[in-house]
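Good morning. I will take one structure and walk through a few of its residues and contacts, and please keep the view open while I talk.

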Amino acid sequence: MSKILIIAEHLDGKLNSSTARCVSAASAIKPEAIDILVLAADAAGVAAEAAKIDGVSKVLTLDRAENAHALAAVFAPQIVAVAGSGYSHVFAPSTTFGKDLMPRVAALLGVAQVSDIMTVESAHTFQRPIYAGNAIITVEAPADSTVIATIRTASWPAAANGLATAPIEAASADVSLPSHTRFIDLAQGKSDRPDLQGASKVVSGGRALGSSENFEIIYKLADKLGAAVGASRAAVDAGYVPSDLQVGQTGKIISPELYFAIGISGAIQHLTGIKDAGTIVAINKDAEAPIFEVADFGLVGDLFKIVPELEAAL
Ligand code: FAD
């Protein structure tokens, strides 16, 4: 039987919803137990949040001062120590956090990581995207070693909070931690808008916006809708918006319920990022633009006329 350990992603004392998405993926294996491990300087608040997720058997905490910041080099040996107590699988989200962390865990265990799991076929057989999402491959991990994997968060809904609360226990990991990697600073964009990766609505703008000043109409529409703001790579490369707004193959993979692509042509590398979006609305002056092939609703026309009208109507 499988026993799955999920590494909680959290920041500023708040659990990231990617952890509940990993629980959904873990549940698909129908394991004997799904435990969440919280590494932090003070794990209590995050552990209490994690304990509410439906399907979680128990929450383990590793409180130590060195865990104040998510340093992969520091977390990895502790995770390996906890995983050694009978876990068949260790999962983390395929976010910047998980992509940084899990290769180190896999390397310490001497196994190959399974990345970006989008479908579970069995406890050791999974599907994952390759070639920027243009093909799906089925991979099988050896049954005699621990499965170290990242979960493609856009492919899994967040497990809901259940009625019960899972028990919280302090774990122990008696390992010496490396001192060659130290936390200096965390530089991140500050925004009052919803987080792009977790938002249920996203409004994205492309090269057609023409300038950062013009991009304001995207922000205005997004604020009217309570949506996060995204962008194509062309808009990022042109300097209209910061790079953390980029959606696509080399940007963020997102799964909002509602996605607006405004002045975006629909290049394959952009579409890779919105494969799991619910309803797609495209606004483009070119009726032949490829974005209309994937859009549920399309408006052909000049965005500088349509977007303000739409915003006023809303
Ligand atoms: P364009 O392709 O120039 O499209 C602009 C669109 O706006 C056109 O369809 C045009 O008809 C329309 N338009 C112009 N004026 C108006 C107007 N007034 N009103 C309405 N519509 C108007 N791209 C990404 O987005 N994300 C990625 O992660 C990404 N990764 C990449 C990785 C690699 C390895 C490579 C090679 C490319 C990658 N790209 C990525 C780039 C991608 O190929 C496209 O170049 C890019 O997505 C184009 O951005 P765009 O649609 O904004 O611009």
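I start with P93. Setting aside residues up to four places away in sequence, P93 touches I7, E9, S18, C22, G98, K99, T150, I151 and T153. Contact here means heavy atoms within 4.5 Å.

Before going on, a word on the source. This is a predicted model, where local features need pLDDT of at least 70 and side-chain atom pairs count only at pLDDT 80 or more, while totals for chains, interfaces and linings use all residues. Residues are numbered from 1 along each chain as its sequence is written, and side-chain values use heavy atoms, with hydrogens and water left out.

Back to P93. Where is P93 found? P93 is in strand β6, residues 89-93. Helices (H or I, at least four residues) and strands (E, at least two) are DSSP runs, numbered from the N terminus. Is P93 buried or exposed? P93 has a relative accessible area of 0%, so P93 is buried. The terms are these: buried means under 20% relative accessible area, exposed means over 50%, and partly exposed is in between, with a 1.4 Å probe and protein chains only. As for distance, the C-alpha atoms of P93 and I283 are separated by 32 Å, and the two residues are 190 apart along the chain.

The side chain of T19 reaches the backbone nitrogen of E9 at 3.1 Å. T19 sits in helix α1, residues 18-27, and T19 counts as buried because its relative accessibility is 0%.

Next, the domains. The protein is divided into domain 1 (3-170) and domain 2 (201-313), with bounds from an automatic or database domain assignment. Seven residues from domain 1 and eight residues from domain 2 take part in the contact. The C-alpha centres of the two domains lie 31 Å apart.

How much area is buried between domain 1 and domain 2? About 600 Å², and carbon and sulfur atoms give 45% of it. Buried area is the accessible area, with a 1.4 Å probe, that two parts lose on being put together, summed over both. In domain 1, the residues that lose the most area to domain 2 are A132, R152 and A154, together 65% of what that side buries.

R152 also takes part in a salt bridge: its partner is D276, and the closest N and O atoms are 2.4 Å apart. A salt bridge is a side-chain nitrogen of Lys or Arg within 4 Å of a carboxyl oxygen of Asp or Glu. Between domain 1 and domain 2 the count is one salt bridge.

Now the salt bridges in general. How many salt bridges does this rule count? The count comes to seven. I will go through some of them.

One is between the side chains of K58 and E169, at 3.8 Å from N to O. K58 lies in strand β5 (residues 58-63) and E169 in strand β12 (residues 168-170), so this pair ties together parts that are 111 residues apart in sequence. K58 counts as partly exposed, at 22% relative accessibility, and E169 also counts as partly exposed, at 37%.

Another joins D223 and R193, whose side chains meet at 2.7 Å, N to O. D223 is in helix α5 (residues 216-225) and R193 is in the loop between β12 and β13 (201-205), so the pair ties together parts that are 30 residues apart in sequence. D223 is partly exposed at 46% relative accessibility, and R193 is partly exposed at 27%.

A further salt bridge links the side chains of R233 and D237, at 3.4 Å from N to O. Both residues lie in helix α6 (residues 233-237), four residues apart, which is about one turn of the helix. R233 is partly exposed, with a relative accessible area of 46%, whereas D237 is exposed, at 58%.

Last, the backbone. Most residues other than glycine have a negative phi. K30 has a positive phi near 55 degrees and is not a glycine. K30 lies in the loop between α1 and β4 (33-40), and K30 is exposed, with a relative accessible area of 64%. D116 is not a glycine either, and its phi is positive at about 60 degrees. D116 is placed in strand β7, residues 114-117.

That is my part. Thank you.

Definitions and conventions:
A polar contact is a pair of N or O atoms within 3.5 Å; within protein, one must be able to donate a hydrogen and the other to accept it, and residues adjacent in sequence count only if both atoms are side-chain atoms.
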